[in-house]
Amino acid sequence: MTYRMLQIGVGGYGKHWSERSLPPNIAGGLVELVGIADTDPVALRAAQSFHGLPDSACFTSAAELVRAIKADFVLICTPAWHHEEHIGLAVAAGLDVLCEKPVADTMEATIRLENLVRKAGTKLAMTMTHRFDLPNTTFRNALRSGIDGPLDYLVFRQTGELRKYGAWGAFRHELPDVMLGEAGIHHFDMLRDLAGADCATIFARSWTPSWGEFKGDANVLAIATFQNGVKLSYEGTSCNAAAINPYFKGYVRAECENGVLILSHGAVERHWHDPTRQRGSRKEGEGDPIAPAEQTKFGDVWLLDRFLRWLDGGPEMETSMHSHVKSQAMVYAAIRSVHTGQEIDVGAFLQEHRSSSAGT
Ligand SMILES: NC(=O)c1ccc[n+]([C@@H]2O[C@H](COP(=O)([O-])OP(=O)(O)OC[C@H]3O[C@@H](n4cnc5c(N)ncnc54)[C@H](O)[C@@H]3O)[C@@H](O)[C@H]2O)c1
């Protein structure tokens with residue numbers, strides 16, 4: 001079946017979706033773009049022209065779009081603080097939703113949306129692009145193979161030369177807790193998946209150095225534990241003098257009983273434990289290279305394909321709201337840790353928010 005799709009937000013990352021991630025799935029006959037909305041007429045016209053849509057399918061109001069055009073689901077690519085409104089419109093119109101991360105910009109709104117889609121029976125999934133790109137898929141497959149033995153701990157690093165205003169998109173330089181609120185969801189969602197369990201506790205520190213042009217905190221260091229005992233050391237920063245592992249070239253190290261797996265700059269390698277030696281020393285880059293995962297689709301192209309298989313009656317998507325809420329809890333528990341100076345019990349944090357919204 002070819003699903004009829006609406007897209008709200010076709011500028012910024014929505015343009016990437018429209019021009020790069022949608023076309024392979026349109027060409028495969030899986031999806032048809034039948035209507036778009038964006039408050040910016042320039043972005044709207046560009047997407048209209050790219051897809052050859054009639055004027056009657058293009059709107060500057062998301063509410064008018066969902067009222068006027070019959071569809072099966074909506075892709076939402078607006079900034080996070082608009083997601084609750086746009087998901088609300090979709091649910092009221094009986095549409096399923098694929099939404100850009102994060103689902104919302106507060107824990108309270110996240111829980112309201114969890115309740116909304118559960119009561120309505122709406123399928124809502126998030127676009128955790130990085131978790132499903134080629135390097136991270138290769139790394140996950142290597143770790144999941146189990147041949148390295150039990151996972152002890154994970155180390156994560158993403159740094160950035162983004163200190164000048166606008167370097168990371170102007171709006172991010174205005175946001176509070178920007179690294180955790182904007183990028184942390186990608187990182188924590190991926191790390192929760194690699195750990196193989198939900199986060200148990202998190203302790204975080206965030207700040208912006210004097211040379212960073214951010215209103216919120218753009219640098220984060222954190223320590224977390226997961227419910228299966230796996231530990232995490234996390235570095236997510238934006239004001240570095242030189243970005244050793246920038247966006248899309250991040251670093252993850254999985255320390256297992258019998259091997260060490262390293263992802264850096266898109267390449268994955270394994271260093272085996274040699275039981276005959278002690279006090280050894282290895283260099284990154286000199287491990288056994290791991291061949292890239294073989295799939296026809298990765299990232300957003302794969303996520304849309306996977307979402308459509310869920311709509312077809314296939315298994316629930318890995319990034320469904322049911323799962324996403326646990327990654328959001330890790331993000332907002334980290335933010336609470338920053339503001340209280342305390343280590344936070346993430347399960348209790350989630351339960352506290354669910355209880356205080358009970359009945360809504
Ligand atoms: N998955 C990824 O790797 C990735 C990468 C970048 C951004 N994102 C996410 O994508 C979302 C959008 O971020 P962005 O960087 O593209 O923002 P942006 O501001 O660059 O673009 C947002 C677009 O939405 C439009 N818009 C804003 N308010 C609207 C409204 N009320 N109705 C209709 N259109 C509206 C804007 O005009 C603009 O065209 C965010 O949730 C962000 O976190 C995800």
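**Entry 1: helix α5**

Which residue just after α5 takes a positive phi? I looked, and G121 does, at about 75°. I note at the start that this is a predicted model.

I then went back along the helix itself. Helix α5 runs over residues 107–120, which makes 14 residues. I took the span from its first C-alpha to its last and got 20 Å. That is close to the 20 Å expected at 1.5 Å a residue.

Next I asked which residues of α5 are buried. My list reads M107, A109, T110, I111, L113, E114, N115 and V117. I also looked up what covers them. The cover includes α4 (83–92) and β6 (124–127). It also includes α9 (321–340) and α10 (346–356).

I reminded myself of a rule for reading such a list. An α-helix has 3.6 residues a turn, so residues three or four places apart point the same way.

**Entry 2: A109**

Leaving out residues up to four places away in sequence, A109 touches E84 and A104. A109 and G52 are 57 residues apart in sequence. In space they are 36 Å apart, C-alpha to C-alpha.

**Entry 3: domains**

How is the chain divided? I found domain 1 (3–130 + 299–319) and domain 2 (135–289). Seven residues from domain 1 and 10 residues from domain 2 make up the contact. The C-alpha centres of the two domains lie 29 Å apart.

I compared this with the UniProt record, an unreviewed entry. It annotates residues 7–126 as "domain: Gfo/Idh/MocA-like oxidoreductase N-terminal". In the model that span is 48% helix and 19% strand. Its end C-alpha atoms lie 14 Å apart.

The unreviewed entry also annotates residues 157–343, as "domain: Gfo/Idh/MocA-like oxidoreductase C-terminal". I read 27% helix and 24% strand there. The end C-alpha atoms of this span are 21 Å apart.

**Entry 4: nonpolar cores**

The largest nonpolar core has 82 residues. Within it, I87, L154 and I202 touch the most other members. This core draws at least three residues from each of domain 1 and domain 2.

I87 is in contact with I76, V97, C99 and V103, among others. Its contacts also include L113, L116, V117 and L124.

**Entry 5: S337**

Is S337 buried or exposed? S337 counts as buried, at 0% relative accessibility. This residue is found in helix α9. I listed what S337 touches, not counting residues up to four places away in sequence. The list is I202, F203, A204, R205, Q342 and I344.

**Entry 6: cysteines**

How many disulfides does the count come to? I got zero. A disulfide is a covalent bond between the sulfur atoms of two cysteines. The cut-off for counting one is 2.5 Å between sulfurs.

I checked C77. Its closest cysteine sulfur is in C99, 8.0 Å away, so that is too far for a bond. C77 counts as buried, at 10% relative accessibility.

C199 is buried, with a relative accessible area of 3%.

Notes: Residues are numbered from 1 along each chain as its sequence is written. This is a predicted model: local features need pLDDT of at least 70, side-chain atom pairs count only at pLDDT 80 or more; totals for chains, interfaces and linings use all residues. Side-chain values use heavy atoms; hydrogens and water are left out. Helices (H or I, at least four residues) and strands (E, at least two) are DSSP runs, numbered from the N terminus. The expected span of a helix is 1.5 Å times one less than its number of residues. Buried means under 20% relative accessible area, exposed over 50%, partly exposed in between (1.4 Å probe, protein chains only). Contact means heavy atoms within 4.5 Å. UniProt positions are given in the numbering used here, feature names are shortened, and annotations may be inferred rather than shown by experiment. A nonpolar core is a set of buried Ala, Val, Leu, Ile, Met, Phe, Trp, Tyr and Cys residues joined through side-chain atoms within 4.5 Å. Domain bounds come from an automatic or database domain assignment.
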